[in-house]
Amino acid sequence: QAEDALAADEAPGATADGHAVQLLANIGTPQDAERVAGTAVEGVGLFRTEVLFLERTTAPTRDEQARAYAQALAAMGERKVVVRTLDAGADKPLAFATQPDEENPALGVRGYRLVRRDPELLDVQLAALGAAQSEAGTPPWVMAPMVSTAAEARDFAARARAHGIATVGVMVEVPAAALRAREILAEVDFVSLGTNDLAQYTMATDRLRGELADLLDPWQPAVLDLVDATARAGQELHKPVGVCGESASDPLLALVLVGLGVTSLSMSAGAVPAVRYALRHHTRAQCATIAAAALAAPSAEAARAAVVALLVPEV
Ligand code: PEP
Ligand code: MG
């Protein structure tokens, strides 16, 4: 019954005092878009397009991609859709795009870096997104994964804009990008924190190594510091800073993220109701107090405990 009540709440994401925080879904296929469109999410915050490329020996053509993107855009209607360009490599190997013999694939030619080897792959995808936006009549937000420098952000933005994409962003999932978020945000319209990879690279811990899960924890103080640095840059430049890593689906951490100044949270659609509920029961000022307590804590466990101690009683 409590779950039914949670699911029945379809109001847009907001704190108790009405500060809006977009609650978005992570998807991998156009069919996912059709599914989440039937829920109260405010849009798609991460469309992992590599799912379209998996188990293929060649890249899908421009038209094939355009059809898939248009289908996802059409499913979401007027709602925001953030499409991520191909994130191949490391934990997402692709037969035709990545080298199987790379010694350190997580530190190698993955994500946006593939443009060095195969710019055509990215340009065809951006052309497909441009065509999809004409077909669907709604403009996607488009972002690149694994960007480390402002120069990479500038290059990506130029390529995307050349294909008629109006709203261009990059993911912040490398510590260098978080530390230089101001310079990166000067080149693009928005950023989205990928806390899965940000934790991996900040803590020098393979995200697939279960035995090191305590180090990979997004509550680690160093990871929170980098989220804080990125959110501050967004506030200074008046540009959106979202989170699309798994951390956004933890209702307690969501309060911290909002307190740090994050403007949207993207997660699996099923996680949205609990996050919506937690936000609704805390004011923006309470989130800021909660975030300050988490940042001041000396460890991930201490940060969690500090936040739990500050929750309003209903949560
Ligand atoms: C992330 O790294 O947090 C992210 C959202 O991207 P992915 O999990 O697809 O690498
Ligand atoms: Mg990532």
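Modeller: The unreviewed UniProt entry carries the annotation "binding site" for Glu173 and Asp197. Although they are spread over 25 residues of sequence, they cluster in space, with a largest C-alpha distance of 5.3 Å. UniProt positions are given in the numbering used here, feature names are shortened, and annotations may be inferred rather than shown by experiment. This is a predicted model, in which local features need pLDDT of at least 70 and side-chain atom pairs count only at pLDDT 80 or more, while totals for chains, interfaces and linings use all residues. Residues are numbered from 1 along each chain as its sequence is written, and chains are lettered from A and ligands numbered from 1 in the order in which they are written.

Colleague: Is glutamate 173 buried or exposed?

Modeller: A residue is buried if 20 or more other C-beta atoms lie within 10 Å of its own, exposed if 12 or fewer, and partly exposed in between, with C-beta atoms placed from the backbone. Glutamate 173 has 28 such atoms within 10 Å and is therefore buried. Aspartate 197 has 23 C-beta neighbours inside 10 Å, so it also counts as buried.

Colleague: Where are glutamate 173 and aspartate 197 found?

Modeller: Helices (H or I, at least four residues) and strands (E, at least two) are DSSP runs, numbered from the N terminus. Glutamate 173 is in the loop between β5 (167-172) and α7 (175-179), whereas aspartate 197 lies in helix α9.

Colleague: With which residues is aspartate 197 in contact, leaving aside its neighbours within four places in sequence?

Modeller: Two residues are in contact if their C-beta atoms, placed from the backbone, lie within 7 Å. With those neighbours left aside, aspartate 197 is in contact with Glu173 and Arg207.

Colleague: Which residues are around ligand 1?

Modeller: A residue is near a molecule if its C-beta atom, placed from the backbone, lies within 6 Å of it. The residues around ligand 1 include Arg48, Glu173, Asn196 and Asp197. Helix α9 gives the most to this shell, with three residues.

Colleague: Which residues of helix α14 are buried, and why are they on the same side?

Modeller: An α-helix has 3.6 residues a turn, so residues three or four places apart point the same way. In α14 (residues 300-310), Ala300, Ala303 and Val307 are buried. They cover an arc of only 60 degrees around the axis (taken from the directions from the helix axis to the C-beta atoms), which puts them on the same side of α14. On the other side, Glu301, Val308 and Ala309 are exposed.
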